[in-house]
Amino acid sequence: MRYISTRGESPSLSFEEAMLTGLARDGGLYVPETWPQLSHDEIATMAGMSYEEVAFRVIKPFIGDTYTDGEFREILSKAYSSFKHDARCPLVQLGPNDFLLELHHGPTLAFKDVAMQLVGQMFEVSLKRRGEHVTIVGATSGDTGSAAIEAFRGLESVDVFIMYPHGRVSDVQRRQMTTPDDDNIHALAVDGDFDDCQAQLKNMFNDFEFRDEVKLAGVNSINWARVMAQVVYYFTSAVSLGAPHRKISFTVPTGNFGDIFAGYVAKRMGLPIERLVIATNQNDILHRTLTSGDHSKNGVTPSMSPSMDIQVSSNFERLLFDLYDREGGAISQLIGDLNSNGAFTLSQGALERLRDEFDSARCSEEDTSATIRFAQKHFGEIVCPHTAVAIKVAADVRGDHATPMVILATAHAAKFPDAVEAACDVRSDLPPHMDGLFERPERVTRVANDLSAIRDIIRKGITD
Ligand SMILES: *Cc1c(COP(=O)(O)O)cnc(C)c1O
């Protein structure tokens, strides 16, 4: 499989090159040249298989012969042995036709681990084989950073620099990034919001001299390998609920659009998904886009669900590429409008296609709290604020559809203990494997929202 840029100006790459590079040099995102197909029978045989075995079958068409089958099985087995549940991503039933897909059994208690643990193992095998060292720089609204750090800590072939918005991540999230003591791990607290961090990351990737000098690599959700790894749990969960013999719907708490885009990919591959529901908090640019076609930024308002506090939803570009018949020029124009005017408007055709594939709704802060309380009372489930947003939205859009609804539970409640306790009077404890998080010393560099200051810190911090 070859990978092409959504802006149409960069040469196509192999899977390994696309994974190690992250962002295309024309500013676009890599997508597979075609969507691979899994037949009805191939999906049916996944019933009862281990998570790793389903992952092998779903991912194989995207990576071709990048790794031997033996190597890839070994990579999968290492990646998911860090998960505390044998099913890796288990389902919990909430009601007759409603299910929670728990994606938070990995080392940092958020769904980012599902992809990042796999990407860490793939990077290691690829870089060792090529005899290369890379500098991974990431921007995080909270959960990506710690997931990347856990996936890459101690590896010789990578240095990891994670930028997070100073004062805008939870204590648990921050400590997960600042307490690992490995030399190759560097946490940077940026004076700005998540969009600033993400913009600096893009600036670094567009600075080709710096990019080549430090061998910059990205593992943000703009990295295709991340999205690819997330496609797997749409298959495992749908198949356990009866797919491909019946349709399944999903509601996804959405920020950067990586997770729900993976659901769209699963659908393109042949998984019978009826509805894909985008759930947003008060930062609702995607919901507004679906409602009116108007994709306009209007600032970030911090919320209880910080990992969704986003106005620029990077992976949305991958969907736009399909909505505009894979015309790179059209995408460059839209993103150009967004960068210069803070907005673009979808064509009528693109808007109709978007609505054919997705539903959306937003959830206010009050409703998020009320839903945490409701889930604790009625289902006996303590859920994180992101998951609560999705539970509320799923209930709003559900109507009398008989199709099973799978709601993605993206983080463990213990990552957001204050918001959860304020909502339902129950304190969610960290699991035992996180003991000591609040005792270990923190290591972090505070930095201005300034490209050259950030570049200097990275140049000086790289270990040899
Ligand atoms: C990252 C994250 C999200 C948003 O996922 P996207 O792929 O960015 O849409 C939702 N919930 C939690 C807990 C997250 O960490």
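View 1. E5 spans residues 134–139, and six of its six residues are buried. Strands (E, at least two residues) and helices (H or I, at least four) are DSSP runs, numbered from the N terminus. A word on what you are looking at: this is a predicted model, in which local features need pLDDT of at least 70 and side-chain atom pairs count only at pLDDT 80 or more, while totals for chains, interfaces and linings use all residues. Residues are numbered from 1 along each chain as its sequence is written, and side-chain values use heavy atoms, with hydrogens and water left out.

**View 2. E5 and its partners sit in an open sheet of five strands.** Follow the strand order E8-E5-E6-E7-E15, with parallel pairing. Two strands pair if DSSP finds at least two bridges between them. Strands of a sheet pair through backbone hydrogen bonds, either parallel or antiparallel. E5 is joined to strand E6 (residues 158–165) by six bridges, and Ala 139 stands opposite Met 163 in E6. Towards strand E8 (residues 216–217), E5 has two bridges, and Ile 136 has Ala 217 as its bridge partner there. E8 and strand E15 (445–447) are the edge strands, each pairing on one side only.

View 3. Look within H6 for Ser 146, which is buried at a relative accessible area of 0%. Leaving aside neighbours within four places in sequence, Ser 146 is in contact with Thr 108, Gln 176, Met 177 and Lys 415. Contact means heavy atoms within 4.5 Å.

**View 4. The largest nonpolar core has 110 residues.** Such a core is a set of buried Ala, Val, Leu, Ile, Met, Phe, Trp, Tyr and Cys residues joined through side-chain atoms within 4.5 Å. Met 122, Phe 123, Phe 152, Tyr 234 and Phe 235 have the most contacts inside this core. Helix H10 (residues 224–240) gives the largest share, twelve residues. Zoom in on Phe 235: apart from neighbours within four places in sequence, this residue is in contact with Leu 38, Ile 43, Met 46, Val 54, Val 58, Ala 266, Met 269 and Leu 271. A second, separate core holds 25 residues, among them Ala 388, Val 389, Ile 391 and Met 405.

**View 5. Helix H18 has a buried side and another with exposed residues.** In H18 (residues 417–424), Pro 417, Ala 419, Val 420, Ala 423 and Cys 424 are buried. These residues lie on the same side of H18 because they cover an arc of only 165 degrees around the axis; the arc is that of the directions from the helix axis to the C-beta atoms. On the other side of H18, you will find Asp 418 and Ala 422 exposed. The cover over the buried residues includes helix H7 (171–178), helix H16 (365–379) and helix H17 (385–398). Just after H18, Asp 425 takes a positive phi of about 65 degrees.

**View 6. Cys 363 and Cys 384 are both without a disulfide.** A disulfide is a covalent bond between the sulfur atoms of two cysteines. The test used here is a pair of cysteine sulfur atoms within 2.5 Å, and by this rule the count comes to zero.

**View 7. Asp 41 and Lys 78 lie in helices H2 and H4.** Asp 41, in H2 (residues 40–44), is exposed with a relative accessible area of 57%. C-alpha to C-alpha, Asp 41 and Ala 187 are 46 Å apart in space and 146 residues apart in sequence. Lys 78 belongs to H4 (residues 69–80) and counts as partly exposed, at 44% relative accessibility. Between Lys 78 and Asp 159 there are 20 Å in space, C-alpha to C-alpha, and they are 81 residues apart in sequence.

Definitions and conventions. Buried means under 20% relative accessible area, exposed over 50%, partly exposed in between (1.4 Å probe, protein chains only).
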